[in-house]
Structure formats: C-alpha cells, structure tokens
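User: Please take a close look at helix packing in this model. Then set it in its surroundings, with the cut-offs spelled out.

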Amino acid sequence: MSLLEVEDLRTYFYTEGGIVQAVDGVSFEVGRGETIGLVGESGAGKSVTVKSLLGLINPPGKVVDGSVRFDGRDLTECTERELRQEVRGSEISFVFQDPMSALNPVFTVGHQIAEIVEYHTDRSEKEAHERAVELLDDVGIPDPEQRADQYPHEFSGGMRQRALIAMALSCSPKLIIADEPTTALDVTIQAQILDLFDEIQEKYDTSVVYVTHDLGVVREVCDRVAVMYLGKVVEHAPYEELYRNPKHPYTQSLLRSVVRPDERADALNPIEGTMPSAIDPPSGCRFRTRCPVAVDDCARIEPPRIDVGPNHDSACILYKDEYGKMEEPTLHERGQR
Ligand SMILES: Nc1ncnc2c1ncn2[C@@H]1O[C@H](COP(=O)(O)OP(=O)(O)OP(=O)(O)O)[C@@H](O)[C@H]1O
Ligand code: NI
C-alpha cells in the first residue's frame, strides 16, 4: 500500500465572481521513500492540491470531494485538532518557497530546530541541541555548531532554505511536501538544494511531494511526475518515461519549453496563449483551447486518464483506442462552447 493515496480530490473556492474549480478530480499516489513531482503552469492547482491534503484550505475555499489516505487513515475525515497535533509538522512537514516566513527572526536557527526535536522526541534540551547541529550538518551547512547559534538573517537565502529543510526533517516525517522550494534562489543554489533533496531522500527514506512549474527541476529529484493543467492531472508517468515519451499535448508543449543546457534562450518554444479561468473552464478537455491538435470531440468529451504504457497514463482523447471502452459522445451530452 502506498504511503499517500489521493483520490478524486476536489477543492473549490466560492468567490463573488463564481466557483473557482481550482482542483477538480485529482488523483495520485506516493510510495514509501518515493519522490513525486506535481508540475504545471501558474494557476494549475498545485499549491491548492498540497494544501488540501493537510486541511490548510480556508474559506471561501473548501475541499468538496475526494479522499486523502495517508498511512492508513483518511485525512479528510480528521478534525483540525487531529491534523495539527498528529499530522502536520510531525508525520508530514512542509517546505515552502519563502524560508524567511517560516523561520522566527528572534530565535537562533539551532534553537528553532531543537525546539521541534524536543517536542517530538524525549530528548533533553542538550540532546535536542546536539541533534539540531547534526541536522544542520546533514543538510550541508558548514560549521554547523557555530551556525546553530546564529539568527535567520545571518544566513544567506540558500542557507536559510537548507535550515528550513533541516527543520522539516527534525520530526522525522514520513512525507515532506515541498512547494516551489527553490524558485526564489539563483540557479546554482537551486541545483545544490535539488541535490540535497536527493541525498535526504536516500538517507532518511522520506517520501517527497515536490511542487514546481519547472519540468527541468523535477528531472533532478522525482521518480514520478503528475502534470497538472487547470485543476486536473493530464499526464502521469515515471520521469524518464515522461521525458522520453510524453503523450499529452500539454506535456509535449511543456517539455519543448524547458531550457536545456545545449539550447539558447531564443530556441525556446513556450506554450501559446494563457490558461483559461478556473471559474468557467472549457467544456470537455480543459486544454483544448490551447491544444495544437484539438478536434471537435475535445469540446464534448472530458477525457479520462487513459493507460498509455506501464505506469503511464494520459487524459487525452488521442488515446481513446487504448482505452477501448470510451463511449461515443452524443452531441447534446455536454454543452458545446
Ligand atoms: N483563496 C483563494 N480564493 C480564490 N481562488 C483561489 C484561492 N487560492 C487559489 N485560488 C485559485 O485556485 C487556482 C489554483 O491556484 P494554485 O495556487 O493552486 O496554483 P499553482 O499551480 O500552485 O500556481 P503557482 O505556480 O502560481 O503557485 C487558481 O486559479 C487560483 O486563482
Ligand atoms: Ni503554487
């Protein structure tokens, strides 16, 4: 059984402008010790997905459907108190884009890590401090003993992100959710943090859900990737397979827009158009308004995720023969836009 099984998750925001279908039927699994990437453009619903897992959606937002099975329990059925005391920051920890907002400026970095260690284990204050130094060492912070006694503002951006990762590890979580943890960092530091995620995963055997808009980044860290578009998973595959053999037209466009070391910037081929609003998304396939190969049926049929290879599925009508059982659409089944 997988550590995390998300099934048909739906999270909507009930705004004055209408219902934002931010996450609309998302399913994925994360095995023990596995890293999976959630990838997609801005607004695809990546952050809302990971926040939904932990009950971090506030009004006017609401998880309206689906289940989140984590280590045998359904998190959507937990109370806020259970989530706070038994799940967040203990079984599952978060690493966000902006480490400054997660670190308290008035305490030393070592103190903040030691506090979490103390809370989650029966170590003494002194032992917790030693553990904090060890953790700082594990995440590649030089002179960890001296560094532990410094304040967050004395750390560089990259070091702060490392400290935050040490903090996330300090409770020995089964799962780390990282939402764009390297986006604010320059490219060299970004690469170092990605390497660090790789090391951590090996050393701690922690599962990771890694959120990013950058397919080049997931290449470094992820075993499997779920590509999201406008609230849905449009393609899912092991990374190598996705990279070599992308099936969904959206993934194909995304991959074309990845900067490769051998390419100059002017060779880039970004996806045309912008993502439509999640308030009144296109009928049928949500990508069809930007899809280079869309046909009439794409407006009528909401494509299911069709198996296109081992552990590889794609939600595109192109593969309906693989699906076999997909029913012929009737014209008035869905409104044509
Ligand atoms: N509090 C909110 N109220 C209304 N709509 C929201 C709210 N939070 C998110 N949304 C909407 O939900 C959709 C998904 O947003 P989300 O933040 O998950 O995107 P994302 O994939 O994480 O993008 P990014 O790469 O920019 O972080 C967007 O259309 C966004 O406008
Ligand atoms: Ni986001």
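Analyst: A crossing is left-handed if the near helix is turned anticlockwise from the far one by less than a right angle, and right-handed if clockwise. The model is predicted: local features need pLDDT of at least 70, side-chain atom pairs count only at pLDDT 80 or more, and totals for chains, interfaces and linings use all residues. Residues are numbered from 1 along each chain as its sequence is written, while chains are lettered from A and ligands numbered from 1 in the order in which they are written.

Start with α4 and α5. By the cut-offs, angles under 35 degrees are roughly parallel, over 145 roughly antiparallel, 65 to 115 roughly perpendicular, and the rest oblique. The crossing of α4 past α5 is right-handed.

Which residues make the contact? On α4 they are Gly-110, Ile-113, Ala-114, Val-117 and Glu-118. On α5 they are Glu-125, Ala-128, His-129, Arg-131, Ala-132, Val-133 and Leu-135. Contact means that C-beta atoms, placed from the backbone, lie within 7 Å. This set holds seven nonpolar, two polar and three charged residues. The classes: Ala, Val, Leu, Ile, Met, Phe, Trp, Tyr, Cys and Pro are nonpolar; Asp, Glu, Lys and Arg are charged; the others, Gly among them, are polar.

Next, α5 against α7. These helices pack at about 125°, and their axes are 9 Å apart. That makes α5 oblique to α7. The crossing is right-handed. From α5 come Leu-135, Leu-136 and Asp-138; from α7 come Ala-163, Ala-166 and Leu-169. By class, that is five nonpolar, no polar and one charged. Leu-135 also belongs to the α4 contact.

Now α7 against α8. Helix α8 spans residues 187-204. Its axis and that of α7 come within 10 Å and cross at roughly 20°. α7 and α8 are therefore roughly parallel to each other. This crossing, too, is right-handed. α7 supplies Gly-157, Gly-158, Gln-161, Arg-162, Ile-165 and Leu-169. α8 answers with Ile-189, Gln-192, Ile-193, Leu-196, Ile-200 and Tyr-204. The classes split into seven nonpolar, four polar and one charged.

Helix α7 (157-169) lies across β6 and β7 (175-179), and runs at about 175° to β6. That sheet is open and has eight strands, in the order β6-β7-β8-β3-β9-β10-β12-β11, with mixed pairing. Strands pair if DSSP finds at least two bridges between them. β6 (92-95) and β11 (306-309) are the edge strands, each pairing on one side only. From one strand to the next, the twist averages 25°. Gly-309 has His-312 of β12 as its bridge partner.

A second open sheet has four strands, ordered β2-β1-β4-β5 and paired antiparallel. β2 (18-30) and β5 (73-74) each have a single partner strand, so one side of each lacks a neighbour in the sheet. Nine bridges join β1 (4-15) to β2, with Thr-11 facing Val-23 as a bridge partner. A hairpin of two residues links β1 to β2. β4 (61-70) and β5 share two bridges; Phe-70 is partnered by Arg-73.

Two backbone details remain. Most residues other than glycine have a negative phi, and most peptide bonds are trans. Pro-59 and Pro-60 are joined by a cis peptide bond, with omega about 10°. Pro-60 sits in the loop between α1 (46-53) and β4. Asp-143 has a positive phi, near 45°. Asp-143 lies in the loop that runs between α5 and α6 (144-148).

Last, the record. An unreviewed UniProt entry lists residues 4-255 as "domain: ABC transporter". UniProt positions follow the numbering used here, feature names are shortened, and annotations may be inferred rather than shown by experiment. Residues 4-255 are 40% helix and 28% strand, with end C-alpha atoms 27 Å apart.

Conventions
Contact = placed C-beta atoms within 7 Å. Axes fitted to C-alpha atoms, helices over the stretch in contact; angles between N-to-C directions.
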